[in-house]
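Subject: Structure for your review

Dear colleague,

Please find the structure below, together with its sequence. My notes on what was found in it follow.

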Amino acid sequence: MAIKLGWKQALAAAAGAAAGLGVHMVKEAMAFRVLHEDVHVPGLPKAFDGYRIYFISDIHRRALPENEIAALQGKADIVWIGGDLTDRGVPEERTRANMRMLRTLGPSYAVYGNHDYEAYMPNMEKLDRLLEECGVKPLGSKNVPLHRGGSTVWLAGIDDLGPAGLWRGDPRIRREDCVLVLMHDPKWIVALRRTSANYAFAGHTHGGQISLPVVGPAASKPFYKTYLDGTHFIEAEDGGTTGLRISRGIGTSHFPLRLGSPAETHLLTLRSAPALAK
């Protein structure tokens with residue numbers, strides 16, 4: 001037998017459903033997930049097979065949970081922070097606490113995202129000093145050699161304001177060397193299309209942050225509907241191919257809500273793979 005609801009009951013039911021959805025969206029935004037992933041990198045030296053990277057991006061306004069970070073002790077060889085590590089109005093002590101926690105996991109490098117610039121321009125040196133005092137190295141658009149077992153891999157940064165693609169112009173880097181790129185915004189695939197690297201890692205998109213059933217991401221430009229999250233492969237003019245891993249990030253912008261795009265960080269284990277055909 002059908003049950004008829006009056007308008008008051010229907011309104012109450014709708015309000016309850018909306019409240020339940022809101023609670024779910026807050027929980028999804030505030031969750032702390034670590035995805036364990038193997039990344040097969042063509043051209044990776046054998047000595048780096050098994051090298052572990054803790055990759056975190058888009059912290060924004062979040063205070064990282066001490067217990068969850070402590071649980072990662074001894075599990076990473078290096079930490080990569082993929083930009084938007086702070087935001088306008090975030091107390092410096094919160095940013096310091098986050099950076100200090102991450103530094104306990106291993107040597108740490110960071111690139112800046114658009115929200116970092118919004119928070120600190122025109123005095124980005126102040127943010128540089130903050131990170132350095134916490135033991136985190138601002139990478140900017142520089143190249144840093146990583147050594148292991150007599151082999152070298154290059155970590156190449158792409159700052160959110162560029163310039164980009166400097167690794168092929170660096171006289172220290174040979175054509176056959178393995179280059180891993182850390183950047184904030186996947187828009188810098190324009191650099192990867194000019195000069196290939198072995199693999200690149202980005203954030204910025206939040207995976208859309210709010211992703212509606214059928215409709216998909218609520219407010220993504222056409223570019224980001226393609227390069228939203230997950231793994232992609234970028235063909236370059238020099239004949240090479242670059243793997244690109246895009247993270248949904250751990251924080252949020254505008255509102256502390258997520259739907260269909262849960263917050264995530266990554267414990268990446270690099271694996272040697274045959275070089276892709278040139």
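Helices (H or I, at least four residues) and strands (E, at least two) are DSSP runs, numbered from the N terminus. This is a predicted model, in which local features need pLDDT of at least 70 and side-chain atom pairs count only at pLDDT 80 or more, while totals for chains, interfaces and linings use all residues. Residues are numbered from 1 along each chain as its sequence is written, and side-chain values use heavy atoms, with hydrogens and water left out.

Overall picture

The protein chain has seven helices and 14 strands. Of its 278 residues, 53% count as buried; here buried means under 20% relative accessible area, exposed over 50%, and partly exposed in between (1.4 Å probe, protein chains only). Contact means heavy atoms within 4.5 Å. Among the contacts in the protein chain with a separation of 6 or more, 73% are between residues 24 or more positions apart.

A nonpolar core is a set of buried Ala, Val, Leu, Ile, Met, Phe, Trp, Tyr and Cys residues joined through side-chain atoms within 4.5 Å. The largest nonpolar core has 28 residues, and those with the most contacts inside it are Y54, I69, I81, M99, L102 and L131. At least two residues of this core come from each of β2, β3 (78-82), α3, α4 and α5. Helix α5 gives the largest share, four residues. Another core, of 23 residues, lies apart from it and includes L139, Y199, F201 and L270.

In helix α5 (residues 124-133), the buried residues are M124, L127, L130 and L131. They lie on the same side of α5, because they cover an arc of only 110° around the axis; the arc is that of the directions from the helix axis to the C-beta atoms. These buried residues of α5 pack against α3 (92-103), β4 (108-111), α4 (114-120) and β5 (136-138). Just after α5, G135 takes a positive phi of about 85°.

M99 is in contact with I59, I81, L85, L131, C134 and V136, leaving aside its neighbours within four places in sequence. C134 is itself buried, at a relative accessible area of 6%, and C178 is also buried, at 2%. A disulfide is a pair of cysteine sulfur atoms within 2.5 Å, and by this rule the count comes to zero disulfides.

Salt bridges

Side chains of opposite charge can pair when their charged atoms come close. A salt bridge is a side-chain nitrogen of Lys or Arg within 4 Å of a carboxyl oxygen of Asp or Glu. By this rule the count comes to 17 salt bridges.

E37 forms a salt bridge with R245, with the closest N and O atoms 2.9 Å apart. The pair links distant parts of the chain, since E37 is in strand β1 (residues 34-42) and R245 in strand β13 (residues 241-246), 208 residues apart. Both E37 and R245 are buried.

R271 forms a salt bridge with D49, the closest N and O atoms being 3.2 Å apart. R271 is in strand β14 (residues 265-273) and D49 is in the loop between β1 and β2 (52-56), so the pair ties together parts that are 222 residues apart in sequence. R271 is partly exposed at 27% relative accessibility, and D49 is partly exposed at 32%.

R248 forms a salt bridge with E264, the closest N and O atoms being 3.9 Å apart. E264 is buried, with 3% relative accessibility. Salt bridges that share partners join E92, E93, R96, K126 and E133 into one network.

Backbone details

The peptide bond from M121 to P122 is cis, with omega near 5°, and P122 sits in the loop between α4 and α5. The bond from G162 to P163 is also cis, with omega near -5°; P163 is in the loop between β7 (151-158) and β8 (178-183).

D58, a residue other than glycine, has a positive phi near 55°. D58 is in the loop between β2 and α2 (66-70) and is buried at 0% relative accessibility. H204 is not a glycine either, yet has a positive phi of about 80°; H204 is in the loop between β9 (199-202) and β10 (211-212).

Yours sincerely
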